[in-house]
Amino acid sequence: MSATPAREDDAAAAKASPPGNALLGISLMMLGIFMFSVNDVLGKWLVATFTVAQVLLIRSFAALLVLAPFVWREGLGNILTLPKPGLQLARVVFATFEVVFFYWAVIGLPLADVVTYYLAGPIYVTALSALFLREKVGWRRWTAVLVGFVGVLIALRPSAATLDVYALVALLGSIFFALLMITTRHLRGTSDTSLVFWQTLGALVFGIALAPFGWVPPATGDFALLSLLGVVALAAHICVTRALKHASASVLAPYQYMLIVWAVILGYLVFGDIPDAAMLAGAAIIIAAGLFIFLREQALLRQR
């Protein structure tokens, strides 16, 4: 759904990249974020007609076709022999459920609402890393985590009148997104091509297994849009990956929150969705907490 810049080795990346490349990195990041937003809009449009599994089947097949030359260049042997295979498999599972729950959630919720829940992913990463990975988290970041959770509750509006299955699906999907980020952090030695290939293959397997149930024969135009969905998502991943090679994560991180801006704009233009005050307030709190956590982590990295 979204791409969060890597948090480790930021200082090294900044030294390795000439200062003049920062503008190129920012431009690529903003282009990638916009393409992720277009991908989200296309997905919401298509799941109104087709099942999530069918969307993922055709989307993933098209993405793998585009990815094939990159796999060939890297070598099939390198793609198949990966370090930490158990963790690699867990990452594929998390990535598959993250995208499944995202498309499931946008069936019944405005795009901006779902994106808001997913933007809480970095906050969950901090909490989960402290609780299960025994990473040291100081009182400042714990405070930001609690503030971020308050933002989630405000956006979620947990009352009998507003809380429904789609909101819970979005919330669960954002947790899978956080687990995806944690496993990706621990597999940062794996090539981008390998990570994207297996992530896409996992979604394809899910589609193959469940798409026959509720299959709707797509017209030519719909098939083109379903295929475009995969191409746009793959291009967005490439843009963000290349951005991180030209600019440091600390420079690029704030631009990921353009996702909510595009979700509001495109959600209104395409679907007529108007965000309410609770969602906007929750989004603002989540963004503030997420940025604080990121900047605090960068400060601690510089002290080491």
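A crossing of two helices is called right-handed if the near helix is turned clockwise from the far one by less than a right angle, and left-handed if anticlockwise. Keep that in mind for the first stop in this predicted model.

**Stop 1: two helices.** Select residues 52-74, helix α3, and residues 220-246, helix α11. Their axes lie 7 Å apart, at an angle of about 50°, so α3 and α11 are oblique to each other. Their crossing is right-handed. Next, show the side chains where they touch. On α3, the contact residues include Val-55, Ile-58, Arg-59 and Phe-70; on α11, Phe-223, Leu-226, Ser-227 and Ile-238 are among them. Colour the contact by residue type: 14 residues are nonpolar, 2 polar and 1 charged.

**Stop 2: aromatic pairs.** The structure holds 12 aromatic pairs. Select Tyr-124 and Phe-149, whose rings are stacked, with 5.6 Å centre to centre and 25° between the planes. Tyr-124 sits in helix α7 (residues 121-132) and Phe-149 in helix α8 (residues 139-156). The two are 25 residues apart, and the pair links distant parts of the chain. Is Tyr-124 buried or exposed? Tyr-124 is buried, with a relative accessible area of 7%, whereas Phe-149 is partly exposed at 30%.

Now move to Phe-197 and Trp-198. This pair is edge-to-face: 5.3 Å centre to centre, 80° between the planes. Phe-197 is buried, with a relative accessible area of 15%; Trp-198 is partly exposed, with 24%.

**Stop 3: a ring cluster.** Finally, select Phe-94, Phe-97, Phe-101, Trp-104 and Phe-176, which ring pairs link into a cluster.

Notes
Residues are numbered from 1 along each chain as its sequence is written. This is a predicted model: local features need pLDDT of at least 70, side-chain atom pairs count only at pLDDT 80 or more; totals for chains, interfaces and linings use all residues. Side-chain values use heavy atoms; hydrogens and water are left out. Axes are lines fitted to C-alpha atoms, for helices over the stretch in contact, and angles run from 0 to 180 degrees between N-to-C directions. Helices (H or I, at least four residues) and strands (E, at least two) are DSSP runs, numbered from the N terminus. Angles under 35 degrees count as roughly parallel, over 145 as roughly antiparallel, 65 to 115 as roughly perpendicular and the rest as oblique. Contact means heavy atoms within 4.5 Å. Ala, Val, Leu, Ile, Met, Phe, Trp, Tyr, Cys and Pro count as nonpolar, Asp, Glu, Lys and Arg as charged, and the others, Gly among them, as polar. Rings of Phe, Tyr and Trp (its six-membered ring) pair if their centres lie within 6.5 Å; planes under 30 degrees apart count as stacked, over 60 as edge-to-face and the rest as tilted. Buried means under 20% relative accessible area, exposed over 50%, partly exposed in between (1.4 Å probe, protein chains only).
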